[in-house]
Amino acid sequence: MDNAGTTAPVGEVPEDANQHCPGTEAETAGKASACEGCPNQQICATAPKGPDPDLAAIEERMSSVKHKVLVLSGKGGVGKSTFAAQLSFALAGQEKQVGLLDIDICGPSIPKMLGLEGQEIHQSNLGWSPVYVEDNLGVMSIGFMLPDPDEAVIWRGPRKNGLIKQFVKDVDWGDLDYLVVDAPPGTSDEHISIMQYLKATNVDGAIIVTTPQEVSLIDVRKEINFCKKVGIRVLGVVENMSELQQQIEMFYGGAGGAEKMCRQMRVPFLGRVPLDPQLGKAADEGRSCFEDAKCVASSTALKSIIKRVLLATEKNG
């Protein structure tokens, strides 16, 4: 019993729920007196109760994936998808078997960044097959399902969540060393869904990408707190476009900067990636920056960061 004399909640409690919410999986969800007037009342009243029966199938499918790494950002436009794409290229270049899962349902940019625009998903008796860049680098994204790359995806939460569940339950990833998950900015439905679906599959942790501006770091702090709340380890923070740092220090008098924030929040700082037009060009053209001699500034920084990621994940087995 809690301090108010009510039973402890069963399952998730939405952030906008009423006080004394019984929990989304409780038999009284959406029907209890505490649910009256709650914006989630109708959904909770009609949703199936109890543990999701698909979680066992997801756990079995993910059992052949050694390491699972989420790439997150608090704000859009910080280079998160570019980092996820180049991380996948780098791991594949080290002879790892790699899968890249794009769960940014409304803004899928991974197909372009991997040079896979216009490709389609195929199905076999084992499930959906990823689209392959190389034999050891497979990709899955809603971008492969859209008839027109300019078409807007206007979906509510339940439909997004259903597709994300299919991506982790029905895609035949095979035996992978790494599954890299590129999530949309913020802490929305997609984040809650992927955390819920992968909860029992030993996720290694999350890499959070930011830029040096304080407006970006404010949102990164929220992202770190989100990870702590849902029990996902923060592998570290990457500061992208780091050449902005000197300008920011001029404006903020030494404030700003991801490294300082990491010390304050006690999470690892993985390193800085310079503002490099060649890296942006490689992403636009769907290429690995590690094979471009003009991309030496960003590729050198990325190699150092990815080495730290490998060390952090290999410790997990």
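Which residues point one way from β2, and which the other way? Keep that in mind as you look at this predicted model. V98, L100 and D102 face one way, G99 and L101 face the other, and all are buried. Strand β2 covers residues 98-102, and because five of its five residues are buried, the strand is largely enclosed by the rest of the structure.

Now look at the neighbours of this strand. Five bridges join β2 to strand β6 (residues 137-141), and the two run parallel. Find L100 again: its bridge partner in β6 is V139. Strand β7 (residues 176-182) is also joined to β2 by five bridges, again in parallel. Here G99 stands opposite L179.

Next, let's turn to aromatic rings. The count comes to one aromatic pair. Its members are W128 and F167, whose ring centres are 6.1 Å apart; their planes meet at 65°, so the pair is edge-to-face. W128 belongs to strand β4 (residues 127-129) and F167 to helix α5 (residues 157-169), so the pair ties together parts that are 39 residues apart in sequence. Both W128 and F167 are buried.

Finally, follow helix α11, which runs through residues 296-314 and has 19 residues. From its first C-alpha to its last it reaches 26 Å, close to the 27 Å expected at 1.5 Å a residue. Its buried residues include S298, A301, L302, I305, I306, V309, L310 and T313.

Notes:
Residues are numbered from 1 along each chain as its sequence is written. This is a predicted model: local features need pLDDT of at least 70, side-chain atom pairs count only at pLDDT 80 or more; totals for chains, interfaces and linings use all residues. Side-chain values use heavy atoms; hydrogens and water are left out. Rings of Phe, Tyr and Trp (its six-membered ring) pair if their centres lie within 6.5 Å; planes under 30 degrees apart count as stacked, over 60 as edge-to-face and the rest as tilted. Helices (H or I, at least four residues) and strands (E, at least two) are DSSP runs, numbered from the N terminus. Buried means under 20% relative accessible area, exposed over 50%, partly exposed in between (1.4 Å probe, protein chains only). The expected span of a helix is 1.5 Å times one less than its number of residues. Two strands pair if DSSP finds at least two bridges between them.
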